[in-house]
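Subject: Structure for you, with notes

Hello,

Here is the structure I promised to pass on. Please open it alongside this email.

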Amino acid sequence: MKNVETRGLVLFSRHYREQDKLVKIFTERFGKRMFFVKNAGKSRFASSLQNFTQLELLGTINDDGLSFISDISEAKPYQFINSDIFAQAYASYLVGLSDVALPDNHYDAPLYGFLMKSLDLIEEKIDMVVVTFIFELQVMSRFGAQLDFGQCVFCHRKDLPMDFSYKFNGCLCRNHFDEDMKRSHVDPNVIFLCQSFMAMDLEKLPSINLSDDLKKKIRVFIDALYDHYIGVQIKAKKFIDGLDGWADIMK
């Protein structure tokens, strides 16, 4: 049992018994923890424990079982994310990926910071599709997928158009395309951008303008990578996949 102060992000909450709630919070110092909130509807913390809310909290962290909140000194909701159906979908997907990438009760301040910066950029109305690409590609290593899109697996050249090979778990330059006749046949620009995204620092994110066609190609490629190497199913991703239809309806 530890009495602590930490920053955190509310991931989700669910009812527990009749009046109480369980609130899952990704804390900076102690990883993801489940907090018990008694009489949640009447609790002075009720308005602070909504999804996509940043917190400064005091509480009791238990290594086994539920943790408890003593006080919340600051609560800052992501207003744009909570008000925009598209931003909320993408943010939910990033939160879902973070949730499955990290076991509960495990400390991971770098992942916490990466998620928070990604949500900050979506809140600032930076292209949420591009932010999501960067997040997806960089978080793959936490699932054990260590991929290099920057050089050919045979000759290690970096200056030629590349394609991706699942057979060799890496890229082939055009001089070695015939090593895998079932290679992905991906647009070389997609490979180049994925390599750039893998190395990109969100703190120094440049202005990136991609055509809708190129975004669709990147989306298809990353989806294929996740199907092959990761295999996780995030509910919000299914909603994102149907957003094109929603966008047409809401124009």
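My notes on the model follow, from the whole chain down to single residues.

**Ground rules**

This is a predicted model, so local features need pLDDT of at least 70 and side-chain atom pairs count only at pLDDT 80 or more, while totals for chains, interfaces and linings use all residues. Residues are numbered from 1 along each chain as its sequence is written, and side-chain values use heavy atoms, with hydrogens and water left out.

**The chain**

The chain has eight helices and seven strands. These are DSSP runs numbered from the N terminus: helices are H or I with at least four residues, strands are E with at least two. The C-alpha trace spans about 65 × 45 × 35 Å along its principal axes.

Of the 251 residues, 47% are buried. Buried means under 20% relative accessible area, exposed means over 50%, and partly exposed lies in between (1.4 Å probe, protein chains only). The accessible surface comes to about 13300 Å², and 49% of that belongs to carbon and sulfur atoms. Areas come from the Shrake-Rupley method with a 1.4 Å probe.

Take the contacts with a separation of 6 or more: residues 24 or more positions apart account for 59% of them. A contact is heavy atoms within 4.5 Å.

**Helix α4**

α4 covers residues 128-139. Eleven of its twelve residues are buried, including M128, F133, F135, E136 and V139. What do these buried residues pack against? The partners are α1 (79-83), α2 (85-101), α3, α5 (188-199), α6 (212-230) and α7 (235-241).

The length of α4 checks out: at 1.5 Å a residue it should span 16 Å, and its end C-alpha atoms are 16 Å apart. The expected span is 1.5 Å times one less than the number of residues. At the start of α4, a side-chain oxygen of D127 comes within 2.9 Å of the backbone nitrogen of V129.

**Helix α3**

α3 runs over residues 109-123. Its 15 residues should span 21 Å, and the end C-alpha atoms are 21 Å apart, which agrees. At its start, a side-chain oxygen of D108 reaches to within 3.0 Å of the backbone nitrogen of L111.

The buried residues of α3 include L111, Y112, F114 and K117. Look at K117. This lysine counts as buried because its relative accessible area is 18%. Leaving out residues up to four places away in sequence, K117 touches L202 and E203.

**Strand β3**

V37 sits in β3 (residues 31-37). V37 is buried, at 5% relative accessible area. Beyond residues up to four places away in sequence, V37 touches D20, K21, V23, S43 and L49. V37 and K21 are 16 residues apart in sequence, yet 5.2 Å apart in space, C-alpha to C-alpha.

**Positive phi**

Most residues other than glycine have a negative phi.

- R17: phi near 60°. R17 lies in the loop between β1 (2-16) and β2 (20-27) and is exposed, at 64% relative accessible area.
- K125: phi near 65°. This residue follows α3.
- H156: phi about 65°. H156 lies in the loop between α4 and β6 (162-165) and is partly exposed, at 48% relative accessible area.

Best wishes

Technical notes: Polar contact = N/O pair within 3.5 Å; in protein donor to acceptor, adjacent residues only side chain to side chain.
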